[in-house]
Amino acid sequence: MTLTFSYRKTTQALNYLARQAGGRINKMKALKLMYFADRYHLRKYGRPISNDEYFAMNFGPVASATKDLAEGSDFRPDVEKQYASQYLDPVSRYEYSSLAPVEEKVFSLTDLESLAFAWREFGGHDQFQLAELTHEYPEWKRHEAALTSGVNSRLKMHFDDFLDDPRAGINPCHPLDERERAARRDEIADLREIHNLWN
C-alpha cells in the first residue's frame with residue numbers, strides 16, 4: 001500500500017526526536033524511532049503517522065522518504081525540501097539537528113502519543129541497538145534470508161505485516177487481540193482502496 005506521504009508530519013516528527021535528544025540526533029536512531037512510532041500508531045489506530053513506504057534493509061526497516069528528509073536529500077520535491085530546511089539541518093553524514101521548535105499543530109493527539117511512546121520505550125538505545133532490535137519484528141524477519149544472502153539490498157515491506165507479533169519478550173508496540181487485529185486489517189484495506197481511487 002502506498003499512501004500520500006505526510007512530509008509536514010514527518011519533518012516535525014524528526015524535529016521532535018531531535019529535540020528529545022537535546023537538539024541533535026543520529027539519523028539511523030531517528031529512523032528506527034520513527035518506525036516504532038509508525039508501528040504503534042498503525043496497530044492502535046489503523047494508520048501510520050508518516051504514510052511513508054517502508055523497506056527492509058540490512059540495518060532494519062527504513063522509511064524511504066523520511067530518510068531523504070533527514071539527510072536533506074535533493075531527491076525530494078522542492079516543497080518538501082523547503083519546508084524541511086526550516087526545521088532540520090543535516091549537520092553531518094550521520095546526524096541532523098533541530099533548527100526551530102516543533103510545530104505541534106500538524107499532529108493529532110494520537111500522533112503525539114505514538115512519538116512519545118517511541119521515545120519513552122526505545123529512546124535510551126543507540127542506533128545499532130535499535131537496528132538489532134528491529135530485526136526481531138516479523139515484517140523485517142520475512143525478508144531476512146533474502147537480505148543476508150546478498151541477493152537484495154532492500155525489499156518493500158507491507159503494513160499488513162506490522163500487525164503480526166514479535167516473539168515473547170519483545171515490545172509489540174501496542175498489543176492486539178484477534179478482534180482488533182482483524183479490524184486493523186480492514187482499516188488498512190480501506191486505506192488502500194481510498195488510495196487506489198485517488199491515484
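H174 sits in the loop between strand 6 and helix 9, where helices (H or I, at least four residues) and strands (E, at least two) are DSSP runs numbered from the N terminus. The model is predicted: local features need pLDDT of at least 70, side-chain atom pairs count only at pLDDT 80 or more, and totals for chains, interfaces and linings use all residues. Residues are numbered from 1 along each chain as its sequence is written, and side-chain values use heavy atoms, with hydrogens and water left out.

Phi of H174 is positive, near 90 degrees, in a residue other than glycine. C173, placed in the loop between strand 6 (154–156) and helix 9 (178–198), also has a positive phi, about 65 degrees, and is not a glycine. The relative accessible area is 0% for C173, which is buried, and 18% for H174, also buried. Buried means under 20% relative accessible area, exposed over 50%, and partly exposed in between (1.4 Å probe, protein chains only).

A salt bridge is a side-chain nitrogen of Lys or Arg within 4 Å of a carboxyl oxygen of Asp or Glu. The count by this rule is 20 salt bridges, including those below.

| Salt bridge | N to O distance |
|---|---|
| E80 and R76 | 2.7 Å |
| R167 and E136 | 2.8 Å |
| E187 and R184 | 3.2 Å |

E80 and R76 are both buried. R167 lies in the loop between strand 6 and helix 9 and E136 in the loop between helix 6 (127–134) and helix 7 (138–141), so this pair ties together parts 31 residues apart in sequence. E136 is partly exposed, at 22% relative accessible area.

E187 and R184 are three residues apart in helix 9, separated by about one helical turn. R184 is buried at 12% relative accessibility, whereas E187 is partly exposed at 29%. Salt bridges with shared partners also join R43, D165, E178 and R181 into one network.
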